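Subject: Structure handover

Hi,

Here is the structure I promised to pass on to you. Please open it alongside this message, and my notes on what I found follow below.

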Amino acid sequence: MVARHDLTTDPRLQEDLLQARRGTAFFARKLNELSDEELDGGTLLPGWTRRHIVAHVGYNARAIARLIEWACTGLETPMYSSPEARGEEIQFGATLSPIALRNLFDHSAVHLSVEWRDLPDADWSNQVRTAQGRTVPASETAWMRTREVWMHAVDLDNGATFNDIPAPVLERLLKDITSAWRTRGSDTGLLIKVTGTAENGTDLTFGDTSAADPTIVTGPLPAVVEWAAGRGSSGVAAAGPDARAGEVPAAPMWI
Ligand code: ZN
């Protein structure tokens with residue numbers, strides 16, 4: 001029997017799925033605002049047109065749906081057969097006609113939503129592997145998708161900004177990025193201060209909190225995440241050894 005609502009009864013997971021679906025709806029809105037001709041235009045990602053982003057977001061939904069099938073059946077179905085295959089698929093997708101590209105996005109999003117909806121509670125803790133080789137419970141796929149749709153909606157470069165992304169998504173994104181820096185040791189001497197976010201008015205701090213004389217990057221949450229994700233430095237300020245004449249240094253790589 002096909003359920004009309006998510007089978008999971010876990011409120012936290014239901015909230016995570018809602019966030020992913022909201023992000024998907026937001027991406028769909030920005031995509032629908034673009035004419036077919038505008039799909040040929042440039043984006044915030046070097047070397048990628050809007051066609052590449054739409055293809056990537058569509059194939060990403062299919063890849064995540066494969067992880068849900070894996071969690072459901074126990075049969076290993078990786079996101080992509082190889083990094084090369086993933087790249088080739090995007091290059092191919094970018095050559096599709098506008099209508100085919102839009103269908104790819106729509107159909108893959110609906111398919112993923114249905115896979116999520118029909119996964120029973122017991123299977124959400126089953127382990128699957130991401131394209132980066134991390135082993136995670138199937139429940140992590142909600143966040144994996146959330147991150148993609150919100151960020152790439154901004155990357156489409158037709159009006160969406162980091163201010164459109166909900167604060168809980170921004171905070172989790174910043175935690176992801178700064179912990180990737182930590183793992184690589186690329187955050188040495190770099191302190192990130194997000195101004196005025198926590199409910200009690202105190203700042204959120206990330207990065208190298210043990211540095212004696214750190215370079216400090218500060219700003220409101222959306223601006224700091226935009227900078228940390230390598231999408232520009234408007235709205236952030238920097239001071240310290242790596243901020244010559246107050247210039248904001250480039251954020252370390254995180255992906
Ligand atoms: Zn992506």
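Although Asp157 is not a glycine, its phi is positive, at about 60°. Asp157 is partly exposed, with a relative accessible area of 41% (buried means under 20% relative accessible area, exposed over 50%, and partly exposed in between, with a 1.4 Å probe and protein chains only).

Before going further, a word on the basis: this is a predicted model, in which local features need pLDDT of at least 70 and side-chain atom pairs count only at pLDDT 80 or more, while totals for chains, interfaces and linings use all residues. Residues are numbered from 1 along each chain as its sequence is written, and side-chain values use heavy atoms, with hydrogens and water left out.

Gly159 is exposed, at 54% relative accessible area, and its C-alpha is separated by 9.7 Å from that of Glu33, 126 residues away along the chain.

Now to the metal. The zinc ion has His56 (NE2), Glu148 (OE) and His152 (NE2) as its protein donors, lying 2.1 Å from it. Donors are N, O and S atoms within 2.8 Å of the metal (3.2 Å for Na, K and Ca), and water is not among the atoms, so sites may look incomplete. Along the sequence, the donor residues follow the spacing H-x91-E-x3-H. Distant parts of the chain are linked here, with His56 in helix 2 and Glu148 in helix 5, 92 residues apart. His56 is buried, with a relative accessible area of 4%, and Glu148 is buried too, at 16%.

Next, the pockets. Rolling a probe the size of a water molecule over the atoms shows where empty space is left. The search ran on a 1 Å grid over the protein atoms alone: a cavity is a set of points where a 1.4 Å probe fits but cannot get out, whereas a pocket is an open set with protein on both sides within 12 Å along at least five of seven lines, and lining residues have an atom within 4 Å of a point. Grid points are joined across faces, edges and corners, and a volume is the space filled by probe spheres set on the points.

The largest pocket has a volume of about 1400 Å³. Its lining counts 47 residues, and Gln132, Arg147, Glu148, Trp254 and Ile255 lie nearest its centre. At least two lining residues come from each of helix 2 (50-73), helix 3 (83-93), helix 5 (140-155), helix 6 (167-184) and helix 7 (221-228), and helix 5 has the largest share, seven residues. By class, the lining holds 26 nonpolar, 11 polar and 10 charged residues (Ala, Val, Leu, Ile, Met, Phe, Trp, Tyr, Cys and Pro count as nonpolar, Asp, Glu, Lys and Arg as charged, and the others, Gly among them, as polar).

The second largest pocket holds about 210 Å³ of space. Among its lining residues are Arg12, Trp143 and Lys175. Helix 6 gives the largest share of this lining, five residues, and the classes are four nonpolar, two polar and six charged. Domain 1 (11-160) and domain 2 (167-246) each supply at least three residues to the lining of the second largest pocket; the domain bounds come from an automatic or database domain assignment.

Finally, the largest nonpolar core has 50 residues, of which Phe27, Trp181 and Trp227 touch the most other members. Such a core is a set of buried Ala, Val, Leu, Ile, Met, Phe, Trp, Tyr and Cys residues joined through side-chain atoms within 4.5 Å. Helix 6 gives the most to this core, with seven residues. Domain 1 and domain 2 both give residues to this core, so it lies between them.

Best wishes

Key. Helix = DSSP H or I, 4+ residues; strand = E, 2+ residues; numbered from the N terminus.
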